[in-house]
Amino acid sequence: IRDVERSRGLGDVYKRQVDILAVKNGKQIAFEIETGKSDVLRNIKKCYKAGLDRIVIVATSAKTKNNLSKIVQADHKLKLLSAQEIIDGDSLYKPQL
């Protein structure tokens, strides 16, 4: 696994393990699924440290998203969404409010 990741320019992402890693046209997007029970800030830091192009935090419920929005600061690289927003459509491309 490590050799495949390195050959794709992912470095040692396997050591930092993101929930889902999508790669398209050379862009690496991490999806971290958050239930509210893990250390979301640690998960975000590992994604930044891995040098990923985009980080999407997916909250499993609206309540979890609301709680996370109090501690997660969205920026050009980081987006916080609920699972329902992803199901509903193109929320990955809408600006964060």
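Here are some numbered notes on the structure above, written for a colleague.

1. Ground rules. This is a predicted model, in which local features need pLDDT of at least 70 and side-chain atom pairs count only at pLDDT 80 or more, while totals for chains, interfaces and linings use all residues. Residues are numbered from 1 along each chain as its sequence is written, and side-chain values use heavy atoms, with hydrogens and water left out.

2. Overall make-up. The protein chain holds five helices and four strands, and from the N terminus the elements follow the order α-α-β-β-α-β-α-β-α. Helices (H or I, at least four residues) and strands (E, at least two) are DSSP runs, numbered from the N terminus. Of the 97 residues, 33% are buried; here buried stands for under 20% relative accessible area, exposed for over 50%, and partly exposed for anything in between (1.4 Å probe, protein chains only).

3. Surface and contacts. The accessible surface of the protein chain is about 6600 Å², and carbon and sulfur atoms account for 52% of that. These areas come from the Shrake-Rupley method with a 1.4 Å probe; for residues, only the protein chains shown count as cover. Among contacts (heavy atoms within 4.5 Å) between residues at least 6 apart in sequence, 43% join residues at least 24 apart.

4. Four strands make up an open sheet in the order 1-2-3-4, with mixed pairing; two strands pair if DSSP finds at least two bridges between them. Strand 1 (20–24) and strand 4 (78–82) are at the edges with a single partner strand each, so one side of each has no neighbour in the sheet. On average, neighbouring strands are turned by 20° against each other, direction ignored. As a reminder, strands of a sheet pair through backbone hydrogen bonds, either parallel or antiparallel.

5. The parallel pairs. Strand 2 (residues 27–34) runs parallel to strand 3 (residues 54–59), the two pairing over six bridges, and Ala30 has Ile55 of strand 3 as its bridge partner. Strand 3 also pairs in the parallel sense with strand 4, over five bridges. In that pairing, Val56 has Lys79 of strand 4 as its bridge partner.

6. Axes are lines fitted to C-alpha atoms, for helices over the stretch in contact, and angles run from 0 to 180 degrees between N-to-C directions.

7. Five of the five residues of strand 4 are buried. Leu78, Leu80 and Ser82 point one way, Lys79 and Leu81 the other way, and all are buried.

8. The core. Ile57 and Leu68 touch the most other members of the largest nonpolar core, which has 14 residues. Helix 3, strand 3 and strand 4 each contribute at least two residues to this core. A nonpolar core is a set of buried Ala, Val, Leu, Ile, Met, Phe, Trp, Tyr and Cys residues joined through side-chain atoms within 4.5 Å. Beyond its neighbours within four places in sequence, Leu68 is in contact with Glu34, Val40, Ile57, Ala59 and Leu80.

9. Salt bridges. The count is two, taking a salt bridge as a side-chain nitrogen of Lys or Arg within 4 Å of a carboxyl oxygen of Asp or Glu. Glu32 and Lys46 form one through their side chains (3.4 Å, N to O), joining strand 2 to helix 3 across 14 residues. Both Glu32 and Lys46 are buried. Lys65 and Glu85 also form a salt bridge (3.1 Å, N to O), linking helix 4 to helix 5 (residues 83–88) across 20 residues. Glu85 is partly exposed, with a relative accessible area of 25%.

10. Two exposed residues. Asn25 sits in the loop between strand 1 and strand 2. Its phi is near 50°, a positive value in a residue other than glycine, and Asn25 is exposed at 73% relative accessible area. Lys63, in helix 4, is exposed too, at 65% relative accessibility. Lys63 and Gly36 are 27 residues apart in sequence, with 9.1 Å between their C-alpha atoms.
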